[in-house]
Amino acid sequence: MSAITRTWIAFAAVGTGLIHVALVIGSPLALGIPLAILGVVEFGWGILAFTRDTLPFARIAMVVAVAPLVTWGLLLTAASVFQNPALGASLDVVPWGIAALFQLFVAGTLALHSRRTREGTNATASAPSAGRYLIALTVGALAVAALTTPALAATEAGIYAQPHGEHDGSFTPQRDVPTDEGTDEGVDDMFNLPNHEGH
Amino acid sequence: MTRSPNRMLGAIVGGFFVLFGLLGFTVTGGAGFFATEGGMLASMFQVNGFHNVIHLVVGAALVLAALSNRAAARAVNSGLGFALLLLGFAGLLLIGSEFNVLALNAAGNVLHFAAAVVLLLVGIGADSRVTGVSA
């Protein structure tokens, strides 16, 4: 496998790891714990892949790349069949879908490499030139950043994140911005205590 | 130099840092050396005198290591990449505070993170016998 392909796989794994860790916030505990472990493992594997000539634990990595994708499908089905909106809400299509793209890229490339090795058609990868390697690394970083950023922003953690350099106490998360529609005056009145001028 | 990713990257990124350091002095005339509100470089990146000096030192270190040899370039890229990563995280806390002696702003922070990631990853991933890139 060429160093460039290995670099892209590593970037995809790092991106998936970040998304899975971010998804822990707002997920049910039974889903959050495996997601946290999975995210840390994916991130660590991605960093390790940068430093090795061959991808570490390639066969296990292939299974780990596909497993969350299958689990997402099963959980979506379960949320729909058992009409569990809380579970469905934690399976938002943007972060899970983008993570799925990364996982498919990792699993697909690993599977292709594995088949070529088995059939003996895997040409010995030559070291790319320095310029080509740097351009490929930059392109990979930009592509993963471009996909990971909206995915992180769509997670519960991302929704409550403040814009860079604009930290202030009056920040209202997008999800909590009051709208004209559906204002529950009963709830508002509940917090308007007599002679209470607010904090 | 064109056969080693670390030497090539060190020369390119180092050159940019030196250029930023020199250009920075053209916009920080009225600001104090450690001022938390500096001048705006390219209407995006806030810098003060101290920030300019750091850019020059970092840039010079990267370029000199790149001109020297592969091992030096790799060590300096990795080391400064890690330092820039730490600075990026520190910047998240320092922006808007009285301890912001580098006059960091959000755009500068993004640039520091980007430079950190590229330097660090090329530093650990290329020019080693293990990875085979430019071995």
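**Exercise 1. The contact between the chains**

How many residues does the contact take from chain A, and how many from chain B? Work out what kind of contact this is.

*Before you start.* This is a predicted model, in which local features need pLDDT of at least 70, side-chain atom pairs count only at pLDDT 80 or more, and totals for chains, interfaces and linings use all residues. Residues are numbered from 1 along each chain as its sequence is written, chains are lettered from A and ligands numbered from 1 in the order in which they are written, and side-chain values use heavy atoms, with hydrogens and water left out.

*Solution.* 

Step 1. Count the residues: 16 come from chain A and 20 from chain B, where contact means heavy atoms within 4.5 Å.

Step 2. Turn to area. The size of an interface is often given as the accessible area lost when the parts come together. Here the two chains bury about 1,500 Å² between them, with 77% of it on carbon and sulfur atoms; buried area is the accessible area (1.4 Å probe) that two parts lose on being put together, summed over both. On the chain A side, A:Ala130, A:Tyr133 and A:Leu134 lose the most area to chain B, together 31% of what that side buries.

Step 3. Find the elements involved. α1 (3-22), α2 (29-51) and α6 (130-153) of chain A each give two or more residues to the side that touches chain B. The largest share, five residues, comes from α6(A). Helices (H or I, at least four residues) and strands (E, at least two) are DSSP runs, numbered from the N terminus.

**Exercise 2. The salt bridges**

Which residues pair in the salt bridges of chain A and chain B?

*Solution.* 

Step 1. Take the total: the structure holds two salt bridges over all chains. Side chains of opposite charge can pair when their charged atoms come close.

Step 2. In chain A, A:Arg6 pairs with A:Asp53, and their closest N and O atoms are 3.8 Å apart. A:Arg6 sits in helix α1 and A:Asp53 in the loop between α2 and α3 (58-81), so this pair ties together parts that are 47 residues apart in sequence.

Step 3. In chain B, B:Asp127 pairs with B:Arg70, with 3.6 Å between the closest N and O atoms. B:Asp127 lies in the segment after α4 (106-125) and B:Arg70 in helix α3 (residues 70-94), so the pair ties together parts 57 residues apart in sequence.

Step 4. Check exposure. Buried means under 20% relative accessible area, exposed over 50%, and partly exposed in between (1.4 Å probe, protein chains only). A:Arg6 is buried at 3%, whereas A:Asp53 is partly exposed at 39%. B:Asp127 is buried at 9%, and B:Arg70 is partly exposed at 30%.

**Exercise 3. A helix residue in chain A**

*Solution.* 

Step 1. List the neighbours. Not counting residues up to four places away in sequence, A:Ala13 touches A:Glu42, A:Phe43, A:Trp45, A:Gly46 and A:Val106.

Step 2. Take one of these, A:Gly46: the C-alpha atoms of A:Ala13 and A:Gly46 are separated by 5.0 Å, although the residues are 33 apart along the chain.

Notes: Salt bridge = Lys/Arg side-chain N within 4 Å of Asp/Glu carboxyl O.
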